[in-house]
Amino acid sequence: MPDTKPSTLRHEPRVLLAVVLAAVAASAVGAREYGTWVLEVAPIGLALLVLVPTFPRFRLTPLAYRALAIAALLIALGAHYTYAEVPLGEWMRDWFGFERNHYDRIGHVAQGAVAAIGVRELLVRLTPLRAGWWLLGVTTLVCLGVSGGFELVEALAAAFTGQAGQDYLGTQGDEFDAQWDMTCALFGALAAQLALGRVHDRQIALVGREA
């Protein structure tokens with residue numbers, strides 16, 4: 001993957017933001033359960049509350065913005081149908097003989113991958129840590145903490161918001177759902193770092209020169 005040009009650094013995040021906002025708006029149209037929809041898209045809103053105000057002073061790499069955008073699109077799709085009923089997961093269940101809709105597993109792999117890119121970037125740019133085993137280990141542990149935090153939020157939502165919360169939790173009868181979700185996030189975090197680490201380092205260096 002070639003290094004990103006400065007023009008992309010300036011304009012691509014705005015394009016990705018427009019795409020994400022359009023997808024979220026579209027996901028609200030005819031959503032299967034609006035209480036669940038609100039719970040699902042809430043992380044997108046929280047992320048934007050941080051990313052938009054800090055954009056002029058602290059821009060992330062194109063890789064980070066792309067990863068965030070892809071994750072937001074996956075969330076928007078899951079919010080529209082509820083994760084347990086996304087057609088892609090239904091097709092996968094039919095094709096591979098799964099016992100449940102595994103779209104939420106895809107979401108948790110993405111969660112781990114996106115968290116890894118974001119955490120890794122902050123550590124490299126704001127701390128003395130650099131590429132190596134320490135960075136890999138610290139990033140992975142933070143991602144596991146983020147995944148565990150989401151599981152706690154999901155459990156609280158299920159406890160206090162009735163059916164919407166149950167749909168948001170989306171266990172589909174699996175008593176080990178939380179453990180599987182965290183395992184998927186762990187896989188995503190490790191895969192993203194190992195597969196994209198060098199590209200990420202080049203982009204971090206480029207962003208540093210443009211800052």
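1. Asp177 and Arg100 join their side chains in a salt bridge, at 3.2 Å from N to O. The two lie 77 residues apart, Asp177 in helix α8 and Arg100 in the loop between α4 and α5, so the pair links distant parts of the chain. Asp177 is buried, at 2% relative accessibility. Arg100 is buried too, at 8%. Note that this is a predicted model.

2. Asp177 also forms a salt bridge with Arg105, with the closest N and O atoms 2.9 Å apart. This pair again links distant parts of the chain: Arg105 sits in helix α5, Asp177 in helix α8, 72 residues apart. Arg105 counts as buried at 9% relative accessibility.

3. These contacts belong to a network of salt bridges linking Arg100, Asp104, Arg105, Asp177 and Asp181. The whole structure has ten salt bridges.

4. Arg93 and Glu90 form a salt bridge, their closest N and O atoms 2.2 Å apart. They are three residues apart in helix α4, which means about one helical turn separates them. Arg93 is partly exposed, at 26% relative accessible area. Glu90 is partly exposed at 22%.

5. A nonpolar patch lies on the surface. Leu88, Trp91, Trp95, Phe96 and Phe98 form it, with about 590 Å² of accessible area together. Phe96 belongs to helix α4 (residues 87-96). Phe96 is exposed, at 56% relative accessible area.

6. Now the largest pocket. It holds about 1,400 Å³ of space. It is lined by 49 residues, and Pro43, Ile44, Ala47, Leu68 and Val114 are the closest to its centre. The lining comprises 38 nonpolar, five polar and six charged residues. Helices supplying at least two lining residues each include α1 (6-28), α5 (103-126) and α8 (177-210).

Terms used:
Residues are numbered from 1 along each chain as its sequence is written. This is a predicted model: local features need pLDDT of at least 70, side-chain atom pairs count only at pLDDT 80 or more; totals for chains, interfaces and linings use all residues. Side-chain values use heavy atoms; hydrogens and water are left out. On a 1 Å grid over the protein atoms alone, a cavity is a set of points where a 1.4 Å probe fits but cannot get out, and a pocket is an open set with protein on both sides within 12 Å along at least five of seven lines; lining residues have an atom within 4 Å of a point. Grid points are joined across faces, edges and corners, and a volume is the space filled by probe spheres set on the points. Helices (H or I, at least four residues) and strands (E, at least two) are DSSP runs, numbered from the N terminus. Ala, Val, Leu, Ile, Met, Phe, Trp, Tyr, Cys and Pro count as nonpolar, Asp, Glu, Lys and Arg as charged, and the others, Gly among them, as polar. Patches are made of residues with over 30% relative accessible area and no salt bridge: like charges are joined within 9 Å, nonpolar side chains (Val, Leu, Ile, Met, Phe, Trp, Tyr) within 5 Å. Accessible areas come from the Shrake-Rupley method with a 1.4 Å probe; for residues, only the protein chains shown count as cover. A salt bridge is a side-chain nitrogen of Lys or Arg within 4 Å of a carboxyl oxygen of Asp or Glu. Buried means under 20% relative accessible area, exposed over 50%, partly exposed in between (1.4 Å probe, protein chains only).
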